[in-house]
Amino acid sequence: MSVVKINVLTVPAEQRETLERRFASRAHAVENSDGFEWFELLRPVEGTDNYLVYTRWRDEESFQAWMEGPMKAAHQGGGAEGGERPRPAAGAATLWSFDVVQQAAPKGGADRA
C-alpha cells in the first residue's frame, strides 16, 4: 500500500499568511511527480502553531525521488527576479512517516473534496 508523509511545520501566527500564500503559489508543483497520490495543507484551528503538510505516495521510492529532484530544486532556488531566497515562514519542521495499513472510501466510489 501507499506511504504517507506528514511534514509538521511550526509557524508563528504572524507568518501563517506567508506560508499559505507560498503553498498556494506552487500548488501544482507536486501533482505531476511519479507516484504522487494526494496533498493537503492543514491549518491549525486551536491549541498549536503546527501546520501539517500531508502527502501520500505510491511507495517510499517515489517520495525519495521527489525529495531529491523537484522538491530540492524548488527549495534551493533564489527569490523573485534572481534576488535573495525568502526567509522560511516556519520556525521548525519535523517529518513523520507512515505506511497505510487500512483505508476506506465513500460508498459508490465518489470522490469528495
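Residues count as buried under 20% relative accessible area, as exposed over 50%, and as partly exposed in between. The structure discussed here is a predicted model. With a relative accessible area of 25%, L41 therefore falls into the partly exposed class.

## Overall architecture

The protein chain contains two helices and four strands. Along the sequence these elements follow the pattern β-α-β-β-α-β. The chain has 113 residues, of which 27% count as buried. Among the contacts with a separation of 6 or more, 69% are made by residues 24 or more positions apart.

## The sheet

The four strands form an open sheet in the order β2-β3-β1-β4, and their pairing is antiparallel. Its edges are β2 (36-42) and β4 (92-99), each of which pairs on one side only. On average, and with direction ignored, neighbouring strands of this sheet are turned by 15° against each other. Helix α1 (residues 16-25) packs on the sheet, where the helix touches β1, β2 and β3 (50-57). The direction of α1 makes about 20° with that of β3.

Strand β1 (residues 3-10) pairs with β4 in the antiparallel sense over eight bridges. The pairing of β1 with β3 is likewise antiparallel and also runs over eight bridges. The residue L9 illustrates both pairings: A93 stands opposite L9 in β4, while Y51 is the bridge partner of L9 in β3. Strand β1 is mostly covered, with six of its eight residues buried.

Which strand holds K5? K5 has its place in strand β1. The relative accessibility of K5 is 5%, so this lysine counts as buried. One, at 2.7 Å, is made by the side chain of K5 with the side chain of E60. The other joins the side chains of K5 and S97 at 2.8 Å. When neighbours within four places in sequence are left aside, the residues in contact with K5 are V53, Y54, T55, W57, E60, F63, L95, W96 and S97.

## Aromatic pairs

A search of the whole structure finds five aromatic pairs.

| Pair | Centre to centre | Angle between planes | Geometry |
|---|---|---|---|
| W57 and F63 | 5.8 Å | 65° | edge-to-face |
| F63 and W66 | 6.2 Å | 40° | tilted |

Why is the pair of W57 and F63 edge-to-face? Planes over 60 degrees apart count as edge-to-face, and the planes of W57 and F63 stand at 65°, so the pair belongs to that class. Both W57 and F63 are buried. For F63 the relative accessibility is 3%, so the residue counts as buried. W66 has a relative accessible area of 17% and is therefore buried too. F63 and W66 both lie in helix α2 (residues 60-76), where they are three residues apart, about one turn of the helix. Ring pairs link F36, W57, F63 and W66 into a cluster.

A ring also takes part in a further arrangement, with a charged residue: R26 lies over the face of F23, at 5.4 Å from the ring centre.

L41 lies in strand β2. Apart from neighbours within four places in sequence, L41 is in contact with E20, F23, Y51, L52 and V53. Between L41 and V53 there are twelve residues of separation in sequence, and their C-alpha atoms are 4.7 Å apart in space.

Is A13 buried or exposed? A13 is found in the loop between β1 and α1. The relative accessibility of A13 is 56%, so A13 counts as exposed. A13 and D49 are 36 residues apart in sequence, whereas the distance between them in space is 7.2 Å, C-alpha to C-alpha.

How values were computed. Residues numbered from 1 in each chain as written. Predicted model: local features only at pLDDT ≥ 70, side-chain atom pairs only at ≥ 80, totals over all residues. Heavy atoms only, no water. Pairing = 2+ DSSP bridges. Axes fitted to C-alpha atoms, helices over the stretch in contact; angles between N-to-C directions. Contact = heavy atoms within 4.5 Å. Buried < 20%, exposed > 50% of the residue type's maximum accessible area, 1.4 Å probe, protein only. Polar contact = N/O pair within 3.5 Å; in protein donor to acceptor, adjacent residues only side chain to side chain. Phe/Tyr/Trp six-rings, centres within 6.5 Å; stacked < 30°, edge-to-face > 60°. Lys NZ or Arg CZ within 6 Å of the ring centre and 35° of its normal.
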